[in-house]
Protein chains: 2
Amino acid sequence: MERVKQYLNQIETEITRRSFIGHPAELYDPLNYMMLLGGKRLRPLYLLLANEAVGGNPEEVMHAALAIEVFHNFTLMHDDIMDNAPKRRGQDSVYVRWGVPTAILSGDLMLVEAYKLICETETPKLKSVLALFSKTAAEVCEGQQLDMNFESQSAIDTNEYVEMIRLKTAVLLAAALKMGAMLGEADDTLAQGLYDYGIHIGIGFQLMDDILDIYGDEKMVGKRPGGDILSDKKTFLLLKTIELANSAQKEMLNQWLGKTTDEPDEKIAAIKSLMDDLQIRNIALEKSHFYFETADHILDGLDIAQDKKDLLRTYTLWLKARIS
Amino acid sequence: MERVKQYLNQIETEITRRSFIGHPAELYDPLNYMMLLGGKRLRPLYLLLANEAVGGNPEEVMHAALAIEVFHNFTLMHDDIMDNAPKRRGQDSVYVRWGVPTAILSGDLMLVEAYKLICETETPKLKSVLALFSKTAAEVCEGQQLDMNFESQSAIDTNEYVEMIRLKTAVLLAAALKMGAMLGEADDTLAQGLYDYGIHIGIGFQLMDDILDIYGDEKMVGKRPGGDILSDKKTFLLLKTIELANSAQKEMLNQWLGKTTDEPDEKIAAIKSLMDDLQIRNIALEKSHFYFETADHILDGLDIAQDKKDLLRTYTLWLKARIS
């Protein structure tokens, strides 16, 4: 993991070095605030690892790595407005601190800055890289809209949910890997293989996140468990619970869902107990493992040196351990 | 003006042909709604005219022309949220019809679609064209933020106002002209000359708009005059009024500004009468004419065939007549 730490340091250095300066400050400050709030930086890191894996020179693709991280933070800035989420990484969201209009506008600027960074990357494949980036950006918007649509839909099956998280979170991780490969002159098969790897670990990570929100250790996860239950968030776990509940259990669920409650602890305990009865944690864990195993299988089949595969695999395992 | 009408038809055809299709519909519908609300399409038209003027083939730059129009409509979609403007071209704004979250997200998608269209343009200068587009997009965001900042600032001088409208509206018109020139293989001097022409007519048009909001004919302009006065909008005319008012006039102004009123007609009449006393209409008209005359002078000096200059000049005069 020395290599990973080294890359993470380089990414942080690049983020600090490349502060976004312009006038008026009200527009640029939120952008820098957002970038410096921290985060695991896993998307730029996967881009660098994929680039190294195919024999590229990761030093030369730092702009593209940063572009992916800037884009990711742009989506967070706008999502926080749409989702009414007042906190981000323990700090005030941009719209809380600067107001909704500036959070919209500063996010727009951030998307433009991401494109600028992509265009600063020296590559004969700029057009293909931009096509991948734009396609991915549109898909991320589609995923967020699907997620918002789910709020007002009664029946959603778990396949629809997986398709939503594929778009909302996995495609960006996959695009980071593919972009790293393309910029390292990998052939199309290898680049697409790394993309598929990214899709599978991306979905796997999101399912782990869903499980942890309910079953995670407060000290490890850094927040009280059950937030998703309280907000009736239609995660894989809740959808599976609705699917498997018998009529008595459905009735019990309906007593809690869609209503505000003065008894948050009771609501969490009641729904969690129902999930326990239905073995939801195991079902979700199995689903998550399925995606990680498939990812592993995809990685095995790729035309990359064994030590590079090991590096990708080790980092993925390390990330998985950090969030589980 | 036959040529102009022909181009306008081609632009409308292209907008209709290129409807934005995707899933979920909630995300794509607002984009098509916005594009089909109409408008003068002056930005894509100037791009085509500039391209023709430098000897390009306007048929081949239709994607870039459309990109500029999509970008312009993206800014309108987000501006309407920021400015609390419930109507756009007489119809409900997107955020009124679909809600703020979807208006944010659909606007984001629109910005991505604009980049996609630029990238679909066949040109060896893609990198420079993208650099111009991104620089312009960032400047438009800066202009909108400055405009929002003005709302809470007491002293703004008219030079600051002109700088704000340069960023908020003129640079996009200028970039359209420059992009048309670049794509037609014009040299840098000519492309930059057309950019400067665009800056000057862009500022001129906005000053005309400001004048018309207060002094326009209701039947011609299509809305009741005085909207800017009612909302205390810091246009060139109000800022000049504040600058020139004596202390008694300032006191009168302060009785109306910054307050909601039950007597809108009285407020409009009172401030308009003060503007009349101070000759504000003439001062603003002179300022606007100064920009159009400078633009004309710039055009004269450019290395373009006389008939192409005449075409640009005629269209600008026609537009000016339409809004005055």
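Me: Before we read any helix pair, how are the axes defined?
Reply: Axes are lines fitted to C-alpha atoms, for helices over the stretch in contact, and angles run from 0 to 180 degrees between N-to-C directions. Helices are DSSP runs (H or I, at least four residues), numbered from the N terminus. This is a predicted model, where local features need pLDDT of at least 70, side-chain atom pairs count only at pLDDT 80 or more, and totals for chains, interfaces and linings use all residues. Residues are numbered from 1 along each chain as its sequence is written, while chains are lettered from A and ligands numbered from 1 in the order in which they are written.

Me: What confidence does the predictor give chain A and the complex?
Reply: pLDDT is the predictor's confidence in each residue, from 0 to 100. Chain A has a mean pLDDT of 95, and 99% of its residues reach 70 or more. For the complex, the ipTM is 0.96 and the pTM is 0.97.

Me: How do helix 3 and helix 4 of chain B cross?
Reply: Two packed helices are described by the angle between their axes and the distance between the axes. Here helix 3 (residues 42-53) and helix 4 (residues 62-82) of chain B have axes that come within 8 Å and cross at roughly 155°. Helix 3 and helix 4 of chain B are therefore roughly antiparallel to each other. The cut-offs are under 35 degrees for roughly parallel, over 145 for roughly antiparallel, 65 to 115 for roughly perpendicular, and oblique for the rest. The crossing of helix 3 of chain B past helix 4 of chain B is right-handed (the near helix is turned clockwise from the far one by less than a right angle; anticlockwise is left-handed).

Me: Which residues of helix 3 of chain B meet helix 4 of chain B?
Reply: Contact means that C-beta atoms, placed from the backbone, lie within 7 Å. Helix 3 of chain B brings Arg43(B), Pro44(B), Leu47(B) and Leu48(B). They meet Ala64(B), Ala65(B), Leu66(B), Ile68(B), Glu69(B) and His72(B) in helix 4 of chain B. By class, this contact of helix 3 with helix 4 of chain B has 7 nonpolar, 1 polar and 2 charged residues. Ala, Val, Leu, Ile, Met, Phe, Trp, Tyr, Cys and Pro count as nonpolar, Asp, Glu, Lys and Arg as charged, and the others, Gly among them, as polar.

Me: At what angle do helix 9 and helix 16 of chain A pack?
Reply: Helix 9 (residues 188-215) and helix 16 (residues 306-323) of chain A pack at about 15°, with axes 10 Å apart. That makes helix 9 of chain A roughly parallel to helix 16 of chain A. Helix 9 of chain A gives Ile201(A), Phe205(A), Met208(A), Asp209(A) and Leu212(A) to the contact, and helix 16 of chain A gives Thr316(A), Lys320(A) and Ile323(A).

Me: How many residues of chain A are in contact with chain B?
Reply: 33 residues of chain A are in contact with 33 residues of chain B. Helix 7 of chain A gives the most to the side of chain A that touches chain B, with 14 residues.

Me: Where is the cis peptide bond in chain A?
Reply: Most residues other than glycine have a negative phi, and most peptide bonds are trans. The bond from His23(A) to Pro24(A) is cis, with omega near 0°. Pro24(A) sits in the loop between helix 1 (2-17) and helix 2 of chain A.

Definitions and conventions: Helices (H or I, at least four residues) and strands (E, at least two) are DSSP runs, numbered from the N terminus. Two residues are in contact if their C-beta atoms, placed from the backbone, lie within 7 Å.
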